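This report looks at selected parts of one protein chain. Please have the sequence and the structure at hand while reading.

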Amino acid sequence: MEFPPSSIEAQLQTIKETMFSDMDPYSLVMPSAYETAWLAMIPDSHQNMNPMFMSCLNWVLNNQQEEGFWGDCDSHGNSTIECLTSTLACIIALKRWNVGAKMIDKGLEYVHSNAKKHLNEIKDDQCPRWFAIVFPTMVELSQTVGLKIELKEMESETLNQRQRILKTERLVESCHYPPLLSYLEVLPSSYYIDNEDITKHFCEDGSLFQSPSATAFAFMVTGNKQCLSYLESLVQRCPNGVPTTYPMDEELIKLCIINHLHRLGLAEHFGPEIEESLEQFYKNYTNRESWAKPINSIEVQLLKDSLAFRLLRMHGYNVSPCSICWFLCDEKIKDAIQNNPDRFVNVMLNIHRATDLKFSGEHELDEARSFSRSLLQKSISMVGADHDQNPIRTLVEQELKLPWTARLDHLEHRIWIEENQGDLLWRGKTSFQRLSSIHNDKLVLLAKQNYEFRQSIYKKELQELKRWSKDWGLNDMGFGREKTMYCYFAIAASFSLPYDSDVRMIVAKSAILITVADDFFDMEGSLSDLETLLDSIERWDCSGLSNHGKIIFNALDNLVQEMAAKYLQRQGTDITNHIREIWYETFDSWMTESKWSRNERVPSIDEYLKVGMTSIATHTIILPASCFMNPSLPPSKLRPPQYENITKLVMVIARLLNDIQSYQKEKDEGKLNSILLCLEKNPELDVEELTANVRGIIEKKKEEFLEQVLMDGFADLPKPCNQLHLYCLKVFQMFFNSSNLYDSNMELLGDIGKAIYIPLEIQSSKSLLHLQEPKSKKVDLPLKFQNSKPNLKPLPLSPKVPITNCHINRPSNHLVWSTNLSMHRLPKTSTSRNGYWKMTRPGPNFSVCFF
């Protein structure tokens, strides 16, 4: 038996202890540099020359990347456009308290060196809304506190779009997401907001739209005690940096991790842990009273609902389409999504994936699929080929290009590992909420080792299969198709069978024999040869056979003996005759089709499909192999033609898929096909229209089939057997989705290489572990913050700085900012009860409680 290497076992144990124990879900996600920096700016209400949240300032001091930026890297360890705003926020916080001078210089160097690159990634008129709102004000703030920002190549489009946003959007409206007021900390003074505007939009928890940065600024503006309670609760729960939003949905964090495990190909190792989590989630899910959600939580709620729908259905739970289609009934929510396609791209991707599991009659899922597909196409067109602007672009393109049932799991796992975007959980206000790099790095490393260990097994098994095919003379018959590699690839890549599974070899050998025998009946054997072979199969005696017929019979006899002996050893029952009967039924169907063609007899459509769904031989592959799944298929289920409906469905779907892509070839060869029969009976039909109608029939059958595969109460078969039916369908859909790939000699070689031979192509990424773990030399806060008031010069820090003059010096393209700012200490009678200094500026309706 094949067992995982000890390195994989050790990692599995560690991950199970850390990610599926009683660990706080908040510890599984990455802090947000931008949000943490804003909390670090708040002065202490009792010692206003000290920071209120020293742990946040300490986090900023300890989490600058070597390249000088703060924030999250992309999947290859490179900074993103989000790092510009995070870095500016962090250096402002450091400058606010006159600490980390070298870090400030390094951060400024990063901004000056990378602003041009990131800004040039923005296509004309397509600057992300959040960036257009946040970035210009962060530049203004930096200059206001005395930092020298010289962005010679800064594009004016960012400024222009900000002006358009501020002119057209109201503070709180449903068509823009998140609401403009959630960006309170960066709204310019041209927006007249008084305390009442702010306080009336506080949530029950004291936050402003669950945004730590907006709430931090709201507290500095209003001194509101509920704001303070929210912020204190946040820092107490997240002492090592705060997340993009608070509170976070803990169930969603767990669902994201389970989804990540599935897509990495690791779910097989976490079966009990996943089942326990989903069972608990389903209990909570069934107790939900309403699907209607407030406008400010639709993104997170839709992500949660779509992940839950797909995961629960895949694991056999009965869930209603209403759980993800509720947004279709609310025009305000639909408008918000349509007006923010870049914002909702990850959510729409998961909605689209959820609709892959549509059952018959669930028409609302058709609408959800159409809606999400349209938004995904729009989001792709908006960013062109720019991967950094849309980090999940490859996944979206793959989703739109091929239906789920045409994609093989092993290759899907490879894409997910190589793209390494599984750490993206959901979008915050200015950045993605990400899975902690500590946990994500461990999962990706484990997935890589698991994938490449599987490749080592697959290479050995394929070599063994080639020897078997050669030893029995099947690889060089002199006619037809030699598909040893294709057959093995199909079963190995379709889904993750156990490392030591006999099923792969049984399925592959069966598929090789079916291909050779089918070609013998179609193109090589005379009618007499075929009748002799069929008679030998019926008697199970090779006497009288010669040449190709004898080779086919002997190879088949060897396979049947192998299966029967293994089953007898494991289960104590002889299934030899059961397997022989299935194979005879299949050979008999090939004989019938050969007689039709050679005698030029045209059967009815019903007669053709009855024979054709047998001759496609999916049941011949699935049912005997299912005897070696765990739990095993009972021998009573092997008796033809008394098959379960689920087996009949996969038989007819596979036949129609094959016929759509093979009708031209079979027409040229004088063979029958359901498409050709329809045209024969109805010559006025257009072939394209006819094939489209047949595809519609296939889709209806697939919906019925999926329900019977995933839900209990339909087929009286073990769950693993149902799964083998599903992956057999996926293999046929892959082979015959848009062309006949099975008959191609070259088109699948790239995928075969990736599945079996080519190592994973993961670009070396710069580790993000130090964002979660202390560096070897931790930067502690200066003693001046602990014992006495620091010699801190007043810094005019305010995002409400009116721009009185902004121009670009054309020869150098040097952006020059001029600001008008006045500061004074208020009279004692006017001092806020927080005792902060206040700042006044022309225009705004409120003062900022900053000093």
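## A pair of strands

In this predicted model, strand β1, residues 424-427, pairs with strand β2, residues 432-434. The pairing is antiparallel and runs over three bridges. Arg-427 stands opposite Phe-432 in β2.

The two strands, β1 and β2, form a hairpin, and four residues lie between them.

## Two packed helices

Two packed helices are described by the angle between their axes and the distance between the axes. Helix α21 covers residues 484-494, and helix α31 covers residues 719-735. They pack at an angle of about 130°, and their axes are 10 Å apart. The crossing of α21 past α31 is right-handed.

Which residues of α21 meet α31? On the α21 side they are Tyr-486, Phe-489, Ala-490, Ile-491 and Ser-494. Their partners in α31 are Leu-724, Tyr-727, Val-731, Met-734 and Phe-735. Of the residues in this contact between α21 and α31, nine are nonpolar, one is polar and none is charged.

## Confidence along the chain

The average pLDDT of the protein chain is 85, and 86% of the residues score at least 70.

Where does pLDDT stay under 50? One such stretch is residues 764-777, for which the model has 39 contacts beyond four places in sequence. Over residues 779-851 the pLDDT is also below 50. In the model, that stretch has 183 contacts beyond near neighbours in sequence.

How values were computed
Residues numbered from 1 in each chain as written. Predicted model: local features only at pLDDT ≥ 70, side-chain atom pairs only at ≥ 80, totals over all residues. Heavy atoms only, no water. pLDDT = per-residue confidence, 0-100. Contact = heavy atoms within 4.5 Å. Pairing = 2+ DSSP bridges. Axes fitted to C-alpha atoms, helices over the stretch in contact; angles between N-to-C directions. Left-handed = near helix turned anticlockwise from the far one by under 90°. Nonpolar A, V, L, I, M, F, W, Y, C, P; charged D, E, K, R; others polar.
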